[in-house]
Amino acid sequence: MSKILLLIALFSTFLFAELRHVDVSEEVVKSGIKIIDIRTMPEWKETGIVKDAIPLTFFDEQGRYDAEAFMKALDKYVSKDQEFALICRTGSRTSAVSELLSKQGYKVVNLKGGMKSLIQKGYTPTPYNP
């Protein structure tokens with residue numbers, strides 16, 4: 001039984017190897033990786049966004065979401081074979097969304113700590129202009 005569990009664990013690691021969790025930093029956001037900001041419009045207006053990030057809300061202000069619609073919109077900006085990063089306020093939402101996207105075949109990087117951590121480290125966001 002333990003051999004079967006080990007085999008399943010190893011197999012699932014290969015299946016979901018397209019997900020990386022990285023501490024957010026100015027170096028990472030300036031590395032050229034495409035960044036999708038999944039926060040809400042009021043959050044973008046409040047703090048600004050990472051320069052050149054793509055604002056694409058996943059959860060609305062009431063915490064509701066439509067994963068299928070999000071992925072359809074996401075596909076306009078990235079392809080499944082292109083690595084990209086997700087950022088939110090603290091990293092909680094991106095942790096959940098990155099898991100979902102990796103299971104759908106996307107190569108995703110979860111930026112741990114989010115905008116809050118990035119700003120605390122001295123990064124100055126770009127004002128959000130809809």
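**Close-up views of a predicted model**

View 1. Arg39 sits in the loop between strand 2 (34–37) and helix 3. The model shown here is predicted. Is Arg39 buried or exposed? Its relative accessible area is 1%, so Arg39 counts as buried. The side chains of Arg39 and Asp37 are joined by a polar contact of 2.8 Å. Leaving aside residues up to four places away in sequence, Arg39 touches Trp44, Thr47, Gly48, Ile49, Thr57, Ile87, Cys88, Arg89, Arg93 and Met115.

**View 2. Asp52 and its backbone angle.** Asp52 lies in the loop between helix 3 (41–47) and strand 3 (54–55). Asp52 is not a glycine, yet its phi is positive, at about 70°. Most residues other than glycine have a negative phi. Asp52 is exposed because its relative accessibility is 65%, and the cut-off for exposed is over 50%.

**View 3. The largest nonpolar core.** This core has 20 residues. Ile36, Phe70, Leu74, Phe84 and Leu101 have the most contacts inside it. Helix 4 (67–74), strand 4 (84–87) and helix 5 (92–103) each supply at least two of the core's residues. Which element gives the largest share? Helix 4 does, with five residues.

**View 4. Leu101 and its contacts.** Leu101 touches Phe70, Met71, Leu74, Phe84, Leu86, Tyr106 and Val108. Residues up to four places away in sequence are not counted.

Notes: Residues numbered from 1 in each chain as written. Predicted model: local features only at pLDDT ≥ 70, side-chain atom pairs only at ≥ 80, totals over all residues. Heavy atoms only, no water. Core = buried A, V, L, I, M, F, W, Y, C linked by side-chain atoms within 4.5 Å. Buried < 20%, exposed > 50% of the residue type's maximum accessible area, 1.4 Å probe, protein only. Helix = DSSP H or I, 4+ residues; strand = E, 2+ residues; numbered from the N terminus. Contact = heavy atoms within 4.5 Å. Polar contact = N/O pair within 3.5 Å; in protein donor to acceptor, adjacent residues only side chain to side chain.
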